[in-house]
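The two exercises below are meant to be worked with the model in view. Try each task before reading its solution.

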Amino acid sequence: MSIKLSVIINSNFCAKIYVHRKEVSSDNDIWTGLPTKYDSLESVTKLLSRLKRFSVCVGNPDEEYQYITPVGCGISDNVTNTIHSYREGNFSATSGTFSYGSTIRSVHCSLLVRGKRCSQCLDERRILRKRHQRAAERQNSPPTDFVHKTIKHENMSRSNLIEKINQQRDEMKSMSSEIEKLKRKHPNSVKRLFWEQQCKFETSGKNGMRWHPMIIRWCLYMRNKSAKSYDSMRDSGFIQLPSARTLFDYSHYTKSALGFQADVTKMLHEEAKKLGMFKENNKSYVGVLFDEIRIKEDLVYDNHTGELIGYCDLDSISNQIMNLESCK
């Protein structure tokens, strides 16, 4: 048990007053008009008589405020992060007929006052009242959605961080339940395949992703319709799609060149075999159609071989190249 109020006169005959183990500052009103040395009975009596006219500041011992901070801890300002008050431990103090076990004091508390509490603790009382009102409003208001708020963790209290973790767990459970419902509702649908591929991309990343053949076919179809639209849809980030380089490997399975190609002929033969065209005579009659198409705008030559492709008649261009070579 600590002493509530004590007076100590040291060997230099200087007096010090302690309240709850804290020294009363020299600018307190109690020292006004008192001597600096207490080397006589008269000076000591004068000090004790003055002390009777003062009382210990009760701070803010209200039970409704004690939950704001634990014993021995302080309350800091949200802006400057400086501690402006603290909760005092159990001193079993009394003030007249009123007794209290713990109180919240300002760090600038006068400790000894003429009355009930000092002006600093009175200002702190207003702050505690506002905090208590805000806490009561938060209890009556719906809980804050910390999952979708951009509040930095360093600005959140421990209780808020715990609440955010619990909210994240609840949302993950809700999303898992929703996914299971979609799987049961669409067991073999394209929607489910698309959703699974999107989830797989998030876990595998672009380097480890292996796209489903159905997604590859759909993307090839979309890019063939409009390359710019496909690139815009992919670059938007709204959905994840294979890159143009990935689709290039599938669309350029065989190398493009002039004339008849053995690889293309082999593929046509295999497709015809799958369709049973060699088993029935009426299916064995086929026709080959040739048509002029634009492969790519401003495409004149093949980067790999250097051959000129993309035009039906290359005589004039070939002659110009020959003339250019002869001028060297």
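**Exercise 1.** Determine how α5 and α6 are oriented relative to each other.

*Solution.* The angle between helix α5 (residues 213-225) and helix α6 (residues 227-235) is about 125 degrees, and their axes lie 5 Å apart; axes are lines fitted to C-alpha atoms, for helices over the stretch in contact, and angles run from 0 to 180 degrees between N-to-C directions. Helices (H or I, at least four residues) and strands (E, at least two) are DSSP runs, numbered from the N terminus.

Next, list the contact (heavy atoms within 4.5 Å): α5 contributes W218, C219, M222, R223 and K225, while α6 contributes A227, Y230, D231 and M233.

The model is predicted, so local features need pLDDT of at least 70 and side-chain atom pairs count only at pLDDT 80 or more, whereas totals for chains, interfaces and linings use all residues. Residues are numbered from 1 along each chain as its sequence is written, and side-chain values use heavy atoms, with hydrogens and water left out.

**Exercise 2.** Work out the strand order of the open sheet and its pairing.

*Solution.* The three strands follow the order β5-β6-β9 with antiparallel pairing, where two strands pair if DSSP finds at least two bridges between them. At the edges are β5 (74-76) and β9 (103-106), each pairing on one side only. Between β5 and β6 (residues 83-88) there are three bridges, and G74 stands opposite Y86 in β6.

Definitions and conventions. Angles under 35 degrees count as roughly parallel, over 145 as roughly antiparallel, 65 to 115 as roughly perpendicular and the rest as oblique.
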